[in-house]
Structures are given as structure tokens and as C-alpha cells.
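This briefing concerns the structure shown below. The points that follow are grouped by topic.

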Amino acid sequence: MCPFSTNIHFDYDGHYSKDGDDYEWIPTDARLYAISFKTSSLEEITYSLLKERICRKMEIDPFTKRLNLGYIPLVVEPKRQSYILDDEDVFVYLTSVDREQRRSILHVEDIEELQIVQITEQLSRVGESSCSRNYCERESGYGEEDNVDIGLEHDEHPHKKQKKSRL
């Protein structure tokens, strides 16, 4: 099959805001960007390829920035944002057009590194809570078993060794 072009217009860096029942995209600047894919089918345009091309166009390092891709479908009322999370979402975005065959503008939210650090810190706190709970359980005697002197082989699960020692 002959390759054809799929053009995607996107707005880089902005945010969604609720206006009554509808959501709207508030851009940081008024510039629109475009990328074009020459493929034999829309299925060839994957989530990772789309993000890679946006990063290349915007000259940003995909390893230091987290991007959220989304759009407001032209065919949905009230207007709500729809996020693109995987290849299937990309295909739905590419094939969702209105009666005039127009596609929604793709919205690219640039998530700051600071927010990524905060998420990492939250995950760390979850780990601390888990350790604290285990410590409390140990102090209360809950879950203790008679396996104090049982030697474990390297990479052996403690419950498997216990079962062997009780037989």
C-alpha cells in the first residue's frame, strides 16, 4: 500500500480548566505545532512514536520531562478532556473526526520535574509506612513463628524452608 501522510497539530504546554459543564484547554502560548507521519496505516503510529516525535519537535529530552497527551473530542458533549495513555488511545484519537473530517487539536501537558520528585517522595513514604507496620506487628508478637534458628539457603523463600523443616 502507498504511504500516506497523517498530520497532527498540537498545542504544547497548557492545562485544562472547567468552565460550567465543559472543559477547555488553556494554552501557555498561542503557537500551534505540527508533525507529520508517512505510514501505510494509522496502526503504525504508536504512543511511544508519537511522544518521541513531539519531543524531537520541541527539542526536549524525553527522559527528563513527563508529557501528558490529551484532547477534547469534537463529538462529545459536554466537552471533556480525554487522555492518551496507550496505542489504542492514539488510534481512537486519530480516527475521531467530526462531520467535516476535522480532528481535535492534540494537547501536550509538560509536567515539571518537581512534580515527578514529589511522586517519588510519596512512594517512599508508602514504603516507610509498610516497614513501620511490620515493626509494630513484630513488637506485638503477631506473625512470629518458631523459625528463629532455621537457616535459609541463598534465594530461598522463608515459608518454603519452614514447610521443609516441619516435615
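**Sheet and helix**
- The open sheet consists of five strands in the order S4-S1-S7-S5-S6, with mixed pairing.
- Strand S4 (33-39) and strand S6 (82-84) are at the edges and have a single partner strand each, so one side of each lacks a neighbour in the sheet.
- On average, neighbouring strands of this sheet are turned by 35° against each other, direction ignored.
- Helix H1 (residues 47-58) lies across S1 (4-12), S4, S5, S6 and S7, and runs at about 135° to S4.

**Aromatic and charge-ring contacts**
- Four aromatic pairs are found in a search of the whole structure.
- Tyr16 and Trp25 form an edge-to-face pair, at 5.0 Å centre to centre and 70° between the planes.
- Tyr16 and Tyr83 also form an edge-to-face pair, at 5.8 Å and 80°; this pair links strand S2 (residues 14-19) to strand S6 across 67 residues.
- Tyr16 is buried at 12% relative accessible area, Trp25 is buried at 11%, and Tyr83 is partly exposed at 33%.
- Arg53 lies over the face of Phe37, 4.7 Å from the ring centre.

**Confidence**
- The mean pLDDT of the protein is 77, and 65% of its residues reach 70 or more.
- Among the elements, helix H2 (residues 87-95) has the highest mean pLDDT (96) and helix H4 (residues 158-166) the lowest (44).
- The pLDDT is below 50 over residues 128-167.
- Where pLDDT is low, predicted coordinates should not be read in detail.

Technical notes
Residues numbered from 1 in each chain as written. Predicted model: local features only at pLDDT ≥ 70, side-chain atom pairs only at ≥ 80, totals over all residues. Heavy atoms only, no water. Pairing = 2+ DSSP bridges. Helix = DSSP H or I, 4+ residues; strand = E, 2+ residues; numbered from the N terminus. Axes fitted to C-alpha atoms, helices over the stretch in contact; angles between N-to-C directions. Contact = heavy atoms within 4.5 Å. pLDDT = per-residue confidence, 0-100. Phe/Tyr/Trp six-rings, centres within 6.5 Å; stacked < 30°, edge-to-face > 60°. Buried < 20%, exposed > 50% of the residue type's maximum accessible area, 1.4 Å probe, protein only. Lys NZ or Arg CZ within 6 Å of the ring centre and 35° of its normal.
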